[in-house]
Amino acid sequence: MSKLAARPAPQVSDTKRAYVQIGAYQSEARAAREGRQVLRELGDPADIGVRIEPFRSLYRLQLGPLAVPDAAPLCQRLVSQERDCRLVWKDQKTSSKTGS
């Protein structure tokens with residue numbers, strides 16, 4: 001996880017198995033800034049953190065962890081705000097499903 005993220009992702013439990021990936025950026029700092037901005041837009045929910053996963057030359061920005069039933073509605077909300085969103089399971093480093 002990025003040291004630059006505003007707030008670390010909460011502890012992952014068996015009930016919180018999903019993340020929503022909302023973008024990939026060329027710099028870790030930009031991903032962290034965007035993560036803070038999205039959390040502000042969502043009303044700074046205390047139970048959602050920022051996770052930044054390095055992937056090749058990019059940094060994937062993910063929010064979570066979330067209970068699986070909560071992930072799809074969050075993705076739908078983000079898509080309605082014209083953001084990209086993909087569901088990612090906690091044990092995966094790559095996207096698995098499209099959030100729309």
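**The disulfide and its surroundings**

Reply: With -80° about the S-S bond, the link between Cys 75 and Cys 85 is left-handed. A disulfide is a pair of cysteine sulfur atoms within 2.5 Å, and in this predicted model the sulfur atoms of Cys 75 and Cys 85 are 1.8 Å apart. By this rule the count comes to one disulfide.

Me: Which parts does the pair tie together?

Reply: Helices (H or I, at least four residues) and strands (E, at least two) are DSSP runs, numbered from the N terminus. Cys 75 lies in helix 2 and Cys 85 in the loop between helix 2 and strand 4 (86–89), so the pair ties together parts that are 10 residues apart in sequence.

Me: Are Cys 75 and Cys 85 buried or exposed?

Reply: Buried means under 20% relative accessible area, exposed over 50%, and partly exposed in between (1.4 Å probe, protein chains only). Both Cys 75 and Cys 85 are buried. Of the 100 residues of the chain, 41% count as buried.

Me: In what order do the elements of the chain run?

Reply: From the N terminus on, the order is β-α-β-β-α-β-β, with two helices and five strands in the chain.

Me: Which residues of the largest nonpolar core touch the most other members?

Reply: A nonpolar core is a set of buried Ala, Val, Leu, Ile, Met, Phe, Trp, Tyr and Cys residues joined through side-chain atoms within 4.5 Å. The largest one has 21 residues, of which Val 20, Ile 22, Leu 63, Leu 74 and Leu 78 touch the most other members. Two or more residues of this core come from each of strand 1 (16–25), helix 1 (28–41), strand 2 (49–55), strand 3 (58–67) and helix 2 (68–80).

Me: What does Leu 63 touch?

Reply: Contact means heavy atoms within 4.5 Å. Leaving aside residues up to four places away in sequence, the partners of Leu 63 include Tyr 19, Val 38, Leu 39, Leu 42 and Ile 48.

Me: Where does Arg 83 lie, and which side chain does a polar contact join to that of Arg 83?

Reply: A polar contact is a pair of N or O atoms within 3.5 Å; within protein, one must be able to donate a hydrogen and the other to accept it, and residues adjacent in sequence count only if both atoms are side-chain atoms. Arg 83 lies in the loop between helix 2 and strand 4 and is buried, with a relative accessible area of 18%. A polar contact of 3.0 Å joins its side chain to that of Glu 41. Arg 83 also touches Glu 34, a residue of helix 1 that is buried at 19%.

Terms used:
Residues are numbered from 1 along each chain as its sequence is written. This is a predicted model: local features need pLDDT of at least 70, side-chain atom pairs count only at pLDDT 80 or more; totals for chains, interfaces and linings use all residues. Side-chain values use heavy atoms; hydrogens and water are left out.
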